[in-house]
Structure formats: structure tokens, C-alpha cells
Amino acid sequence: MSAIRSIISRSRSHRVVQDATPAAAAAAPNHGMDSSCWANMPQELLREVLLRIEASETSWPPRKSVVACAGVCRSWRHITKDIVRVPELSGKLTFPLSLKQPGPRDILLQCFIKRCRTTQTYYLYLSLTSALADDGKFLLAARKSRRATCTDYIISLDADDMSKASSTYVGKLRSNFLGTRFTVLDGLPPHAGAKLVRSRSTRPISLKQVSPRVPAGNYPVAHISYELNMLGSRGPRRMHCVISFSFLRSKSNLTGDSGPTPGPRKAGLVLKNKSPRWHEHLQCWCLNFHGRVTVASVKNFQLVAAPENGVAGPEHEQIILQFGKVGKDLFTMDYRYPISAFQAFAICLSSFDTKIACE
């Protein structure tokens, strides 16, 4: 395997592709690479080599060799794209594009969020071990910006660049004045026909970020609301999330009940927080986080799919997103299909806002 990595390193001619998507790599000039000896490898042998590389790297960032393979030449790129599966099927994050794709079906992908109070910045990491706090792999960052009538959380791929005009801009979370209603806005259209939300605060998008043919701006992909808590600070918050989707899945398949449909379809998913149980001995409301949360907090929550007809089945007990406190400024975030890391991060950011009207 080391010999293969050496070949990849020499063939790339010092091109940086670790954080590039296959589409970005395709746009890069590689005339010399396509005429190299590596481009003429037998397809069967090349597929076997790439399959072994894919199987040997189970997490990100060690999967940098998988990404490097996509940057060797066009034939390597096509086969790599065919072999590497989306997070929904593989449970792995390979490219930055994976952050906007649905999470794995069979497991909760474990992440954690670090908060910096002085700069009002939040950092999302992928957990690389089972420990509650490890070094992790940096995924996304968000910075809070308070305005006269609302609050914005700008979400970026760069921990140091939170500008909406930057090429690393991903999207943002916007709240109302009371902090009870939030809208998750994607920086790029999530599907054909997505409606652009215009506002006075909209600033120009960097031309380096996307193709000029793709309209960049604010596209709503989720809405979050917090309801009045009749128990005051003694009771848990009541959340309600509506997430829109557009991909090759039926609506019932959002909970894993059926297979793909023949064509694309817009669908929506309603999430609600799982009702906690009152613990008589501890005299508090409790949820089972299976060891992923260690500190009691009003911010802790678990989201499940809300039944459409009011009758809950076993599939509505499946946790889609859970968030909880493990330290003064450290929180765990675990998510799964059908939401993405970007959507899960934005929903968790809404929990940090003070909600005077609900508590």
C-alpha cells in the first residue's frame, strides 16, 4: 500500500487535492496526467487497486489517499467516484460535499462541538475515537453575529474565515428577534427550483465559490421553532423542526421503510424532541443518551420523526439527532439519515441562543 501511495504522490505533481471534490478536480487542468502511464493501467487492475485503498481507509482524514486517487487523472477519477459511496451507505465522510449529504442509515455519526465564548464561535469536529473528547477532524465552524432584529450564525468550511463573501461559505442560521424561530439557509440551491430568499443584508458571493451558472445566495432548507414551556426553567425545551429534501427517495423512505422511487421528489420531514421522563429519585427530567451526555442542561435534546397521523410507531422512536453537554464549552452531536452534518450543526446552533419567551 505504501508503494501505491508513493505512485500517487509522484503522479500528482505536487497538486493539492486533499480537500477538493471530484467536480473541482475535474475542472483542474490535467492534460499531462491523462497521457501518463498511470492513465493507461488496465481497468480491472486499477479498480482492484482502488478498491483496496478504499477498504484500507475507514475514516477521515486518513482517507486522504482516496481523495488523492481522484486527482491522479481522469480515468482514476471516474473509477474512484464509482467506488466511493455516499455517507448514507458507507457511514464515512470523504469530501466536503459529504457535509451536505444525508448521514448513515444504520448508525449515529458521532461528532462534537467546541464553543469559544469570547469570540462567540462554534467548531464542529468528527469524532475519530469513542472518547467523548478527542482531537477529532475539523468539519465546520460558525460565528454568531447579532443584528438589530435578528441573530445570524455564519457557517463556514474555514475556522478562520467567516465571511459570506468567502469561497468557504456554506450557509447560515438566522433567528427572529425573540430567538424562538430559526431558518437554516444554504449558500447554494439544494435542488432545482429552490427559491432564493433576498434580504438587505445579502452581500455579494465570491466568484471563486461556485460556477457563474449557479445562483448563490440564501436558500431555506429547514425551519426550527421553540414553543412556550409551561413548566418554566424546570422543564425541557419543546422543539419543532421542518426539514425539506429533494432527492431520489420516497417520503416514507425518510424513516427507512421503502426503497428508491423512479424519479426525483420533493419531500419534507418533521422532527420533534423526544419527550423525557421524570426521574423521581433525581427529581429531574431525564433522557437516555447512552453515555454520550454527562452534564444536565436545558440545551440537551433528542430529535425523532413526528408521526403524520398522530399515531407513533417503532420508527418514530429512532433518534435522528441528539445533542448534549459534556463540559463547560464542549457538546456532543450525533446525527444520522436523512439529515446532513450541515443541517444537524445548524439545528444544534439554535439551541445555544437564549430564549426568554420560552423559559
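**Salt bridges and cores: a chat**

Student: What does Asp186 form with Lys100, and how far apart are the closest N and O atoms?

Tutor: Asp186 and Lys100 form a salt bridge, with the closest N and O atoms 2.4 Å apart. The term means a side-chain nitrogen of Lys or Arg within 4 Å of a carboxyl oxygen of Asp or Glu.

Student: And where do the two sit in the chain?

Tutor: Asp186 is in strand β6 (residues 181-186) and Lys100 in the loop between α7 and β1, so this pair links distant parts of the chain, 86 residues apart. Helices (H or I, at least four residues) and strands (E, at least two) are DSSP runs, numbered from the N terminus.

Student: Is Asp186 buried or exposed?

Tutor: Buried, at 7% relative accessibility. Lys100, at 30%, counts as partly exposed. Buried means under 20% relative accessible area, exposed over 50%, and partly exposed in between (1.4 Å probe, protein chains only).

Student: Quick check, what kind of model is this?

Tutor: A predicted one: local features need pLDDT of at least 70 and side-chain atom pairs count only at pLDDT 80 or more, while totals for chains, interfaces and linings use all residues. Residues are numbered from 1 along each chain as its sequence is written, and side-chain values use heavy atoms, with hydrogens and water left out.

Student: OK, how many salt bridges does the rule give?

Tutor: The count comes to 13. One of them joins Glu88 to Arg105, with the closest N and O atoms 2.9 Å apart. Glu88 lies in helix α7 (residues 87-90) and Arg105 in the loop between α7 and β1 (109-116), so the pair ties together parts 17 residues apart in sequence. Glu88 is buried at 10% relative accessibility, and Arg105 is partly exposed at 24%.

Student: What about Glu317 and Lys274?

Tutor: Their side chains meet in a salt bridge too, at 3.6 Å, N to O. Glu317 is partly exposed, with a relative accessible area of 46%, and Lys274 is partly exposed at 24%.

Student: Which residues do shared partners join into one network?

Tutor: Arg147, Asp152, Lys172 and Arg174.

Student: Switching topic: how many residues are in the largest nonpolar core?

Tutor: It has 46 residues, and those with the most contacts inside it are Ile113, Leu321, Met333, Tyr335 and Phe345. Helix α8 (residues 341-352) gives the largest share, 9 residues. A nonpolar core is a set of buried Ala, Val, Leu, Ile, Met, Phe, Trp, Tyr and Cys residues joined through side-chain atoms within 4.5 Å.

Student: Which residues does the second core include?

Tutor: Ala39, Met41, Cys73 and Trp76 are among them, in a separate core of 16 residues.
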